[in-house]
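This report describes a predicted model.

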Amino acid sequence: MTPELHTIPGHRAVETLVAKLRRRQVVGSREAALETALVLRQVVSKARFSNIQQLITVIREVGRRLAEAQPKEHSVGNTVRRVLHNVREEYNSATKGSAAASRNVYSISKFVLQGQPRKHTANAAKSDARITLKENDADDPDSFARALKPVLMEAIQDVLDELETVYDNVSKNAKDHIHSDEIILTIGHSKTVEAFLKSAGHYRNYTVIVAETAPSYQGHEMARSLSASGISTFLVPDSSIFAIMSRVNKVILGAHAILANGGLFAISGSLLAATAARAHSTPVVVCAGQFKLTPLWNLYHEHGALDFADPSSVLGFEEGKLVERVDVVNPYYDYVGPELVDVFITNDGDHPPSSVYRLIKETYDDDDHEL
Amino acid sequence: MAPGPMLDVHPPAGPPNGEPSTGQQKSQKAMTKAERRELQEKQRAAKAAKAAANGAPGKPSGKPKDQGAPQGGAAKPKPSRASDAQARPTLPAATRATEKAKAGQASMAVDTAAKGTQARGLLIFSHFGLPKPVSAAKGDIHPAIARLALQFSTFKITGANARCIATLTAFKTIIQDYVTPPNHTLSRHLMTYLSPQISHLVAARPMSVTMGNAIRQLKLDISGTDFDLPEQDAKDALCRKIDTYIRERIIIADQVIQETASNKIKDGDVILTYARSSVVEKVLLEAHASGRNFSVIVVDSRPMLEGKRLVAVLSEAGIQCTYLLLPALGAVMSEVSTVFVGAHSIHTNGAVYSRAGTALVAMMAKRHSVPVVVCCETYKFSESIQLDSFTKNELGQSLSAYSLLPSD
């Protein structure tokens, strides 16, 4: 009963994004997540449905297509799951009152503040905002959609808002993680890490060492940007990571996707930095938005899960005959295992790798892990 | 052995007069953060200039050529956002790169004087000094040494073996050209003639352990020369001893390593090596020549990218090669059966001193339980102890880090 794509409202926007993802015109996990949320908002606003199941089927179908367009861009699927989760939540709270909303109380991120979950007794008086919903109304099939759409739009807007403020929220506690006179090592050019370091730069004087991260050399950009905002910055070749590690206080990495086991995909070279940090017992901090949490496990197929980039930046055609005879490997991501990470700093608080699975359970619905 | 260059990338400051002068009129509180910073910077510059004028003693890099630098250098480490934005697009990349090489030196002098905010960051690198241009030959430097020093300092000759052989060959020429002055004996005087030559080489690039060991042996040979020997005979004898040293300690040692190490390669093995070691190259070629079927993964890293040469040689010989840069190492390590690396020196505590990045390769190999084989001749053994790669090390060329950048 999966609907054909052309019957889906707003299918043109979907097709456009699919093409863009495929051609890698949309790259970077936040960019992809934002685009996905925008497309989903369009789809939901145009969708015709008379019960929640129909709507969910439509969103899923769109999500499946988007995720298939670029399977390594995990944030696309994550955004779809997040939207589905929010849609269900709104639906549940609209139909069953605040029963669903009280689930949040058990959130692991609030556990420290609120202590053990207690029975809720004072939630009876909260039913004033209920919308009268009638599913599968034969007389007026659109009544359900009409009644529910405003709250659904709000739910999707929440996802968008979260994506837009993600850098600020991740970096709001930066000064608690970076202290004066510390030496921080980072690799690549993660926007989240950049915002984090700059935010800490307002409060602290510290030094950043950026590894240049061959072959994309994103480290150059990062170093330029950091030093432009007044942070003392050093750029070093990747080969000196180990030598410098003995003087580094903290390693801060960006992530492409955070997996359910607490491991992550990050720009290639991250594994070297994280392993070197472990060898020197230097803490490894990962800065990432919540939208990078991915309900995937990557325990066995490390190599196959990597994305391979253009080899010409490693060994170009200017090498002549060599190009024909030599295999060149240029993976874009490294898989960094959970044992190498000390903490994830997200826009939803700081978490150890061991509780990531729990965060994922709270963020997404179990039914959506396979889109 | 030579770590890659460590650059600080403080972008060059805008023109000194580009700073708005309004900052000083406002009260400290009314100023924006950038303005306050600028003011601070100015004060610091003034202080540094004063200190420089007074010739403040005890500065770590108080060489004459640094004295002029602080004025310009003061604004360099922390340019305000505004002045930086103006300055950057107008400056061509080349000048930026040269600026950078000097920035460290200049700002270090400033910061130690002014207790600058980033003195800490710079101080951890301060013991390295900075690669300096080859100084004009002081005193009586033999042309062979002058040329060799230039080749060392520009990294035209690299690698412990190559540098040792080149040095010894140059010494042979010197010894042949040497004439004992009247009233001196060769065994006493030759060394005093050689010492300034050696210091000239060391000024160009810190002496390698191999050169140190070879020179020590040479000194011993010189002092042991018979007084009664005619001068030419004595010189010939010394040259023969040098030849013997090169042959026995380096060339034959390499052949022995080739035999032993190539036996460690089995059919179907995947060998990983880092950068380019002359011994490892010979080992791999020998194993291939003896009919073993294996493939090689060459891991490489900027700034020297020596692995490209190795890949060219190996693939020319018909060995199946894979080439990748250091950050991609994690993706292939699980397939590797043995890692072969060369060494610059081996220390008494067992530490291996080798091309920057070797530690990362060895670390990853250990994590994947892959054996690591170091190919090292015994003349590379050093009596010192090395605990980490930070305390005693040298810096590579810093300019190449930017100038080689493909996309910049």
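Chain A is divided into domain 1 (5-164) and domain 2 (167-368), with bounds taken from an automatic or database domain assignment. Residues are numbered from 1 along each chain as its sequence is written, and chains are lettered from A in the order in which they are written. In this predicted model, local features need pLDDT of at least 70 and side-chain atom pairs count only at pLDDT 80 or more, while totals for chains, interfaces and linings use all residues.

Between the domains, 18 residues of domain 1 of chain A are in contact with 20 residues of domain 2 of chain A; contact means C-beta atoms, placed from the backbone, within 7 Å. On the domain 1 side, the elements giving two or more residues are helices H2 (29-46), H4 (74-96), H5 (108-114) and H6 (143-164) of chain A. The largest share of that side, 9 residues, comes from H4(A).

H4(A) also packs against helix H3 (residues 52-69) of chain A: their axes come within 9 Å and cross at roughly 170°. The two helices are therefore roughly antiparallel, the term for angles over 145 degrees. Among the residues making this contact are Ile52(A) and Leu55(A) of H3(A) and Val76(A) and Tyr91(A) of H4(A).

The table gives both contacts by class (nonpolar: Ala, Val, Leu, Ile, Met, Phe, Trp, Tyr, Cys and Pro; charged: Asp, Glu, Lys and Arg; polar: the others, Gly among them).

| Contact | Residues by class |
|---|---|
| Side of domain 1 of chain A that touches domain 2 of chain A | 4 nonpolar, 8 polar, 6 charged residues |
| H3(A) with H4(A) | 12 nonpolar, 2 polar, no charged residues |

Note on methods:
Two residues are in contact if their C-beta atoms, placed from the backbone, lie within 7 Å. Helices (H or I, at least four residues) and strands (E, at least two) are DSSP runs, numbered from the N terminus. Axes are lines fitted to C-alpha atoms, for helices over the stretch in contact, and angles run from 0 to 180 degrees between N-to-C directions. Angles under 35 degrees count as roughly parallel, over 145 as roughly antiparallel, 65 to 115 as roughly perpendicular and the rest as oblique.
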